Amino acid sequence: MRAIVKTIAIALVTCVGLVSCTNQQSLQEYYVANQENGDFILVDIPTSLISEDSESLDEEQKKVLKTVRKVNIMAYPLKNGTTTEFETEKTKVTTILASDDYEELMKFNSDEGNMKLYFKGEEEAIDEVIVFASQEEKGFMLARLLGDDMNIGDMVNLARSIEEGGIDVSQFEGVMDVFKDQ
């Protein structure tokens with residue numbers, strides 16, 4: 001009887017191990033794998049840097065900002081001779097976003113490039129927002145907003161405040177230099 005119980009326990013542990021193992025790389029693993037890769041530019045931004053002057057935020061904006069823990073930005077600038085590598089890296093990111101638990105919220109295609117917005121979690125309790133923008137001549141950028149119980153409507157309002165100048169983001173001006181003419 002003990003041998004049967006032991007065999008069943010081993011089989012269950014093995015099944016759980018096989019089910020939980022996947023060859024698919026997560027977005028976090030992709031970030032970590034490329035931290036030391038000189039072809040990428042990585043920036044981690046704690047939300048405390050978004051606005052040092054919290055007096056300029058109203059109570060609703062402060063509440064929304066508290067749901068965001070940090071922002072990760074990864075850029076792959078296209079340099080001479082890296083077209084093949086660019087396509088490979090872009091395909092890896094696209095595959096991760098298509099097969100992981102991300103839901104596509106919106107996409108924008110133009111002659112200047114493409115942008116897709118994804119989220120992970122429930123609509124009223126988002127854990128991660130992803131912006132993936134690419135331009136064939138310049139490269140791609142992947143931005144992750146990590147937080148707890150973020151709300152997409154609140155994020156839109158926060159973005160509007162940034163656009164209108166209600167939140168000081170001047171310390172990030174150099175990040176988008178990746179996509180300036182090279």
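The questions and answers below concern this predicted model.

Visitor: Which pattern of helices and strands does the protein chain follow along the sequence?
Guide: The protein chain contains five helices and six strands. Read in sequence order, these elements give the pattern α-α-β-α-β-α-β-β-β-β-α.

Visitor: How many salt bridges does the structure hold?
Guide: Side chains of opposite charge can pair when their charged atoms come close. Here the cut-off is a side-chain nitrogen of Lys or Arg within 4 Å of a carboxyl oxygen of Asp or Glu. The number of salt bridges in the structure is four.

Visitor: How many residues apart in sequence are the parts that Asp-148 and Arg-69 tie together?
Guide: The side chains of Asp-148 and Arg-69 form a salt bridge, with N to O at 3.9 Å. Asp-148 belongs to strand 6 (residues 139-150) and Arg-69 to strand 2 (residues 68-77), so the parts tied together are separated in sequence by 79 residues.

Visitor: Is Asp-148 buried, partly exposed or exposed?
Guide: Buried requires under 20% relative accessible area and exposed requires over 50%, with partly exposed in between. Arg-69, the salt-bridge partner of Asp-148, has 48% relative accessibility and is therefore partly exposed. Asp-148 has 44% relative accessibility, so its class is partly exposed.

Visitor: Where does Lys-90, the salt-bridge partner of Glu-136, lie?
Guide: Glu-136 and Lys-90 meet through their side chains in a salt bridge of 2.5 Å, N to O. The pair ties together parts 46 residues apart in sequence, because Glu-136 sits in the loop between strand 5 (125-135) and strand 6, whereas Lys-90 lies in helix 4 (residues 83-99).

Visitor: Is Lys-90 buried or exposed?
Guide: Glu-136 has 40% relative accessibility and so counts as partly exposed. The limit for a buried residue is under 20%. At 15% relative accessibility, Lys-90 is therefore buried.

Visitor: Which residue forms a salt bridge with Glu-128?
Guide: The closest N and O atoms of this pair are 2.8 Å apart. The pair links distant parts of the chain, 16 residues apart, with Glu-128 in strand 5 and its partner in strand 6. Both residues are buried. The partner of Glu-128 is Arg-144.

Visitor: What percentage of the residues in the protein chain is buried?
Guide: The protein chain exposes about 11600 Å², of which carbon and sulfur atoms supply 54%. Of the 182 residues in the protein chain, the buried share is 34%.

Conventions. Residues numbered from 1 in each chain as written. Predicted model: local features only at pLDDT ≥ 70, side-chain atom pairs only at ≥ 80, totals over all residues. Heavy atoms only, no water. Helix = DSSP H or I, 4+ residues; strand = E, 2+ residues; numbered from the N terminus. Buried < 20%, exposed > 50% of the residue type's maximum accessible area, 1.4 Å probe, protein only. Areas by Shrake-Rupley, 256 points an atom, 1.4 Å probe, with all protein chains shown as cover.
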